[in-house]
Amino acid sequence: MVQLLPAANSTWWSPHKCGFCPGRMDLKSPQLSSLMSNPLQILTLIKFQLQFGYRQLHKGARRNSQTLCCATISPDEFPLIKKARGVPQNMDLPTMLPKRKKKPYPIPIKKIRQASRENKKLADAGIEKLLEPPQNGLLVEDLIPVAYEVLEAWKVLLKGVAQLWHVFPVYGCSECAEVYLAQNGHNIQDCKGKFCATRRSCHSWVKGSINDILLPIESYHQYDPFGRRIKHESRFDYDRIPAIVELCIQAGVEIPEYPARRRTTPVRILGRKVIDSGGYVDEPKPWRTSGSAALADLDTHGACDRYPPPLPTEVTRIAQETMDAYEIVRIGVTRLMRKYSVKACGYCSEVHVGPWGHNAKLCGAFKHQWRDGKHGWQNAIVDEVFPPNYVWHAREPEGAPLRNELKRFYGKAPAVVELCMQGGAKIPNRYKPMMRLDIIIPDCDEAGLVA
């Protein structure tokens with residue numbers, strides 16, 4: 001952290017815990033002048049202030065000098081000195097958002113209001129907003145390969161989950177959204193479904209499907225996102241496709257069945273009003289041919305019937321490929337959403353890919369009567385476009401079911417990660433703290449003795 005002076009014969013430092021480092025260096029006179037010309041050679045990794053005091057010690061033919069160095073370090077001035085942050089040992093389980101409240105804004109409301117005031121000032125002055133791709137309708141050339149990579153990984157993910165679904169049992173609660181991957185359902189009493197009080201919050205397990213592992217998040221496909229907004233009366237004129245596929249299409253992926261308008265001139269916006277969008281064009285009719293093989297690979301509908309069970313020797317390989325595809329999709333969607341606008345309803349799970357949401361009155365969540373069924377659009381996060389769907393981690397899928405008395409010792413993991421782990425895949429380290437693999441599960445009699 002501290003580099004020794006090259007011109008010093010001897011030097012000593014005694015760093016103090018408060019950030020004060022006194023020191024003394026014995027220098028010769030010729031060396032002192034060269035050193036004082038560049039005093040920043042003393043330290044190379046941290047910024048601090050130097051104060052030099054010069055005092056002549058001896059008189060005679062040979063003159064020696066002594067320089068007193070006092071260095072003070074401010075805690076806010078050395079951001080390079082950080083503790084090595086590794087993977088934490090354990091993490092808290094994901095919190096369940098209440099259904100009777102609006103979701104929190106991803107961007108603080110103060111920043112949203114500040115940006116709105118700035119846009120209003122520009123609009124009042126007649127100044128157009130300077131937009132960069134893709135906010136002005138143009139493509140981001142660097143993200144086109146990322147979109148193609150995400151789409152190919154999405155196909156591999158669908159195929160892998162559909163094949164592993166035949167090998168490992170999947171259970172879902174018929175009264176709530178709980179999912180569990182083991183030979184039998186667990187006994188944890190955390191059901192929030194209808195008439196859960198009569199069942200003492202116990203789940204009612206039935207056989208699950210691929211939609212219980214990969215939650216189907218769909219969005220309307222628009223030929224021109226900056227064109228006419230989707231109205232409630234015209235909602236059936238647009239196709240519903242997975243939101244990840246729609247995001248890839250708007251990012252530059254070309255699918256003949258789902259064309260998109262590619263602009264050559266940017267869109268001009270004054271305030272909140274689009275003053276020049278290049279004119280409206282007639283959108284092609286929606287594609288509703290269910291026999292297309294290209295469209296079948298993009299949707300979870302009927303995926304378990306299209307792909308047969310794998311051979312026992314190929315389960316580990318398929319599980320690893322599925323795990324890798326899951327990571328590629330998640331990282332790629334995160335990169336695309338940093339540039340391309342995606343809106344989500346603050347009350348329900350509806351998602352729309354585009355600069356603004358649609359006007360279809362389909363929201364049936366909390367206080368939808370006050371909004372006439374309209375969605376409360378806000379900026380979406382990755383978990384709303386590609387939800388992880390956390391499930392309880394089963395260390396022994398074929399062993400005894402999880403007990404309600406020991407639920408604070410159990411961990412959780414995304415459903416795809418849990419499925420691939422049971423198939424023998426190596427999971428990334430960032431999922432292990434939430435799974436709580438290093439915690440020894442005690443017996444029921446010993447649970448009360450654990451602090």
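Strands β12 and β13 run antiparallel and are joined by three bridges; two strands count as paired if DSSP finds at least two bridges between them. Helices (H or I, at least four residues) and strands (E, at least two) are DSSP runs, numbered from the N terminus. The model is predicted, so local features need pLDDT of at least 70 and side-chain atom pairs count only at pLDDT 80 or more, while totals for chains, interfaces and linings use all residues. Residues are numbered from 1 along each chain as its sequence is written, and side-chain values use heavy atoms, with hydrogens and water left out.

Between β12 and β13 there are five residues, and the two strands form a hairpin. Lysine 343 has histidine 352 as its bridge partner in β13. Both strands belong to an open sheet of three strands in the order β13-β12-β14, with antiparallel pairing. Its edge strands, each pairing on one side only, are β13 (351-353) and β14 (377-379). From one strand to the next the twist averages 35°.

Two of the partners in β14 can be named: glutamine 378 is the bridge partner of alanine 344, and tryptophan 377 is that of cysteine 345. Helix α4 packs on this sheet, where it touches β12 and β13, and its direction makes about 15° with that of β13. Contact here means heavy atoms within 4.5 Å. Angles run from 0 to 180 degrees between N-to-C directions, and axes are lines fitted to C-alpha atoms, for helices over the stretch in contact.

Which way do the side chains of β12 point? Val342 and Ala344 point one way, Lys343 and Cys345 point the other way, and all are buried. Buried means under 20% relative accessible area, exposed over 50%, and partly exposed in between (1.4 Å probe, protein chains only).

Helix α4 also packs against another helix. Two packed helices are described by the angle between their axes and the distance between the axes. For α3 (residues 144-165) and α4 (residues 243-250), the angle is about 155° and the axes are 9 Å apart. That makes α3 roughly antiparallel to α4, where angles under 35 degrees count as roughly parallel, over 145 as roughly antiparallel, 65 to 115 as roughly perpendicular and the rest as oblique. The crossing of α3 and α4 is left-handed: the near helix is turned anticlockwise from the far one by less than a right angle, whereas clockwise would be right-handed. Ala147, Val150, Leu151 and Trp154 of α3 meet Ile244, Val245 and Cys248 of α4. By class, this contact of α3 with α4 has seven nonpolar, no polar and no charged residues. Ala, Val, Leu, Ile, Met, Phe, Trp, Tyr, Cys and Pro count as nonpolar, Asp, Glu, Lys and Arg as charged, and the others, Gly among them, as polar.

The contact involves Ala319, Thr322, Met323 and Tyr326 from α7, and Val416, Val417 and Cys420 from α9. In the contact of α7 with α9, six residues are nonpolar, one is polar and none is charged.

Histidine 393 sits in the loop between β15 (390-392) and β16 (412-414). Is histidine 393 buried or exposed? Histidine 393 is buried, with a relative accessible area of 6%. Not counting residues up to four places away in sequence, histidine 393 touches Leu402, Gly411, Lys412, Glu418, Met421, Met435 and Leu437.

Another open sheet of three strands has the order β6-β5-β7, with antiparallel pairing. Its edge strands are β6 (179-180) and β7 (205-207), each pairing on one side only. Strand β5 (residues 171-173) pairs with β7 over three bridges in the antiparallel sense, and glycine 172 has valine 206 as its bridge partner in β7.

A further hairpin is made by β10 and β11, with two residues between them; in its turn, glycine 271 has a positive phi of about 70°. Strand β10 (residues 268-270) and strand β11 (residues 273-276) run antiparallel and are joined by three bridges. The bridge partner of isoleucine 269 in β11 is valine 274.
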